[in-house]
Amino acid sequence: MNEQIFGIHGAALELRSQRMGVLASNIANAATPGYKARDLDFAAALDARLGGMGADASANANTLFRQSVMPSLDGNTVELGNEQIAFAENAVAYSATLSFVQGKVNTITRALKGE
């Protein structure tokens, strides 16, 4: 029912939320020795999700370790500036997707009220 009502936006919202968690984890572990930065390949995860794979399974299958331009001497590959930019971009995309979903809910609500 979710996919019939919300289309691609419901799946996108789930995956954007999961990517936000991955990026937040990278930022939180910026000073952890040996921590390897990860990121979610959103396009591949969305394709897998729309292909019938579950949200968690598609996110886990498409979470990759990020290649660092300048890894630190302690083995940490988090580049804080890049992570913050990726987080901000994902937050904007999440907000836009949420707006689409909210618009659909408002349309359905008005239809149910007979407006």
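Guide: A definition comes first: a crossing counts as right-handed if the near helix is turned clockwise from the far one by less than a right angle, and as left-handed if anticlockwise. Please note also that this is a predicted model.

Visitor: Then which hand does the crossing of α2 and α3 have?
Guide: The crossing of α2 and α3 is right-handed.

Visitor: And how do their axes lie?
Guide: The axes of α2 and α3 cross at roughly 130 degrees and come within 10 Å. An angle over 145 degrees would count as roughly antiparallel, so α2 is oblique to α3.

Visitor: Which residues in α2 and α3 meet?
Guide: From α2 there are I8, A11, A12, E14, L15 and R16, and they meet F42, A45, L46, R49 and L50 of α3. By class, this contact of α2 with α3 has eight nonpolar, no polar and three charged residues.

Visitor: What is A11 in contact with, leaving aside its neighbours within four places in sequence?
Guide: A11 is then in contact with L46, R49 and L50.

Visitor: Changing topic, which residues form the largest nonpolar core?
Guide: That core has eight residues, namely A11, A12, L15, L40, F42, A45, L46 and A59. The elements giving two or more residues to this core are α2 (8-28) and α3 (42-50).

Visitor: What about α2 and α5?
Guide: Helix α5 spans residues 80-113, and α2 packs with α5 at an angle of about 160 degrees, their axes being 9 Å apart. The two helices, α2 and α5, are therefore roughly antiparallel to each other.

Visitor: Left-handed or right-handed, as α2 passes α5?
Guide: The crossing of α2 with α5 is left-handed. The residues of the contact of α2 with α5 divide into 15 nonpolar, seven polar and three charged.

Notes: Residues numbered from 1 in each chain as written. Predicted model: local features only at pLDDT ≥ 70, side-chain atom pairs only at ≥ 80, totals over all residues. Heavy atoms only, no water. Core = buried A, V, L, I, M, F, W, Y, C linked by side-chain atoms within 4.5 Å. Buried < 20%, exposed > 50% of the residue type's maximum accessible area, 1.4 Å probe, protein only. Helix = DSSP H or I, 4+ residues; strand = E, 2+ residues; numbered from the N terminus. Contact = heavy atoms within 4.5 Å. Axes fitted to C-alpha atoms, helices over the stretch in contact; angles between N-to-C directions. Parallel < 35°, antiparallel > 145°, perpendicular 65-115°, else oblique. Nonpolar A, V, L, I, M, F, W, Y, C, P; charged D, E, K, R; others polar.
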